[in-house]
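Below is a briefing on one protein model, grouped by topic. Please read it alongside the sequence and the coordinates.

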Amino acid sequence: MSVDSTQRIQPTIDDARQALSEHFGYQSFRPGQERVIAAVLAGRDVMAVMPTGAGKSVCYEVPAVVLGGLTLVVSPLISLMADQVRALKEAGIRGSFYNSTLKPRVRPEVLRRALAGWYDLMYVAPERLGDPGFRAFAAAADIPLVAVDEAHCVSQWGQDFRPAYRAIRDFVDSLPNRPRVAALTATATARVQTDVRELLGLRDPVIEVSGFDRPNLQLASFELTPKDRERWTVNYARQHPGESGIVYALTRKKVEQICERLQDAGIKAASYHAGMSDSERTLSQQAFVNDDVHVLVATNAFGMGIDKSNVRYVINCGMPQSLEEYYQEAGRAGRDGDPAACYLLWSRGDIRTAHFFIDNIEYAEGVTPAEQRFLREQRERLLGEMIGYAMSTSCLRARVLRYFGQRMVLPPDGCGGCSVCTGETAERYLKVERRRQAGGRVFGAGGRALDDVRRERDERLDAVADAWVHDGSDEELFQRLRVLRKSLASEAHVAPYMIFSDRTLRAMVRRRPRSREDLLEVPGVGEVKLSKYGDAFLEELCR
Ligand code: ADP
Ligand code: ZN
């Protein structure tokens, strides 16, 4: 393809679909993706608000391939960039990154290669956009698209405000040929959306706001004392052996404690918080992503942008400071679309602590008292919404969707997937311990009827969770494919999910492909991965 943007042939959505199939193994775009990509190909600015798991990255990865030139992806997730580049490589896309972890010595070389057309896509930290060397490079490069990931970071109305995001607009305007700008985020209330448009200087953008509902997520909110909620968490993990889960705790100390209790219970767990060194944190994250540990216990320092699709549960041991933060953390479960569960375990003490935090925020120098008051009120408002969710006596799903400006038509018998609608209580995973303490007697006489109801409901929930496994032989084959994936991943020095997602493995189990053509039909298997891994998987499938 020509490097000169004026001579370039404009690719069509069919070209994009072809690239999706070749690199990602999917035959069609999701509706939101298709609208975003069509707009990008047509040269328009775009603002895409899509929930986690909707497939935002495809919205710039596919254009990066078909537009030619170099697509820049601005992202605050520096620690993830190397992994993202590795995952792109697995899919046959040439990526690179430019951030503070690159030694100054090698930076010019990366830019030289980028100018020479070595890459389709480059991740760049917002702080680097102002570097004179980078500016000079960008002015000379052919950049058809700047994608701004986690675009809500530009707004101080959200929780993740990054001052460096304010420089993106100036950077884009400084380029000799203004590229299209695509802003992407999973979390944006109306207020934040307005900020994103204005502060990034989007020009007449196509706006795509996808539904925020994640139908595969079970939502639950239980009020439990700090002691009970830890016991609950350990029991839950114990009863879901081998499944990946994230446990969020409010303090470093709690993280360490819960991690230890899980380990004592024989569960492979690791911790992650800001008090650990960079290398310790990387080790924990890698072990989790590679399925070497099953449960990661973390403070909210963990996870923005974490790309592990097979997280089966997220337990918040304590209340986050806003519903945005909560839905983002909970949303890290089930990105592969398979059933997953999100538990909020909160106590009255959490609420007192949260108010205390807000009263004692340390403000940067130069923040006026009026601004301080504004910020404090803002935080109190966010917290109020969070408390409203935790205590809600109406459908949790409807409530969180309403918060994001989306109305939900609720069936008369509820959404079927939240603890308010299903009547699920916290008892289920407290029971184990109680039974042991009581020497086998679960509840006193008269508790039986209630117990039966609970059991019935538990069985129904189990049926949902196990829907994908038909019988024992399926499960056995699924486990064999996982083992194969793990060994291929270790050989290739990539994470297992970069080879195929759990969902793709399950589709293989269901369809039992016998040939390369069959295998190519499985969602998630594209030509690139077929040629790398197809034969190994076929061999296992045909055994
Ligand atoms: P987000 O960044 O919005 O959280 P991701 O880009 O991580 O979402 O995508 C979530 C999952 O959906 C990934 O496993 C991805 O491979 C899958 N996915 C993306 N696009 C499609 C598609 N068109 N068809 C099927 N699966 C898709
Ligand atoms: Zn509900």
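Ile246 stands opposite Leu296 in β11, and on β12 the residue opposite Ile246 is Val314. The model is predicted: local features need pLDDT of at least 70, side-chain atom pairs count only at pLDDT 80 or more, and totals for chains, interfaces and linings use all residues. Residues are numbered from 1 along each chain as its sequence is written, chains are lettered from A and ligands numbered from 1 in the order in which they are written, and side-chain values use heavy atoms, with hydrogens and water left out.

**Six-stranded sheet**

- Six strands make an open sheet with parallel pairing, in the order β8-β13-β12-β9-β11-β10. Strands here are DSSP runs (E, at least two residues) and helices are DSSP runs (H or I, at least four residues), numbered from the N terminus. Two strands pair if DSSP finds at least two bridges between them.
- The edges are β8 (217-223) and β10 (269-272), each of which pairs on one side only.
- Neighbouring strands of this sheet are turned by 15 degrees against each other on average, direction ignored. The axes are lines fitted to C-alpha atoms, for helices over the stretch in contact, and angles run from 0 to 180 degrees between N-to-C directions.
- Strands of a sheet pair through backbone hydrogen bonds, either parallel or antiparallel.

**Strand β9 and its neighbours**

- β9 (residues 244-249) runs parallel to β11 (residues 295-298), and four bridges join the two. Val247 of this pairing stands opposite Val297 in β11.
- Between β9 and β12 there are six bridges, again in the parallel sense. Tyr248 has Asn316 as its bridge partner in β12.
- Six of the six residues of β9 are buried, which leaves the strand mostly covered. Buried means under 20% relative accessible area, exposed over 50%, and partly exposed in between (1.4 Å probe, protein chains only).
- Which residues cover the two faces of β9? Ser244, Ile246 and Tyr248 lie on one side, Gly245, Val247 and Ala249 on the other, and all are buried.

**Strand β12**

- Strand β12 (residues 311-317) is largely enclosed by the rest of the structure, because seven of its seven residues are buried.
- β12 and β13 (residues 340-346) run parallel and are joined by five bridges. Cys317 stands opposite Leu345 in β13.

**Seven-stranded sheet**

- Another open sheet has seven strands with parallel pairing, ordered β3-β4-β2-β5-β6-β1-β7.
- β3 (95-98) and β7 (206-209) are the edge strands, and each pairs on one side only.
- In this sheet, neighbouring strands are turned by 15 degrees against each other on average, direction ignored.
- β5 (residues 145-148) pairs with β6 (residues 180-185) in the parallel sense over four bridges. Val146 stands opposite Val181 in β6.

- Cys395 is buried, at a relative accessible area of 5%, whereas Cys421 is partly exposed at 23%.

**Ligand 1**

- Ligand 1 is surrounded by 14 residues, of which the closest are Tyr26, Gly53, Lys56, Ser57 and Arg335. A residue is near a molecule or strand if one of its heavy atoms lies within 4 Å of it.
- Ser57 places a polar side-chain atom 2.4 Å from an oxygen atom of ligand 1.
- Arg30 has a polar side-chain atom 3.1 Å from a nitrogen atom of ligand 1.

**Positive phi angles**

- His493, a residue other than glycine, has a positive phi near 55 degrees. His493 sits in the loop between α19 (472-492) and α20 (496-499) and is exposed, with a relative accessible area of 64%.
- Arg512, also not a glycine, has a positive phi near 45 degrees. Arg512 lies in the loop between α21 (502-511) and α22 (516-521) and is partly exposed, with a relative accessible area of 31%.

Conventions: A polar contact is a pair of N or O atoms within 3.5 Å; within protein, one must be able to donate a hydrogen and the other to accept it, and residues adjacent in sequence count only if both atoms are side-chain atoms.
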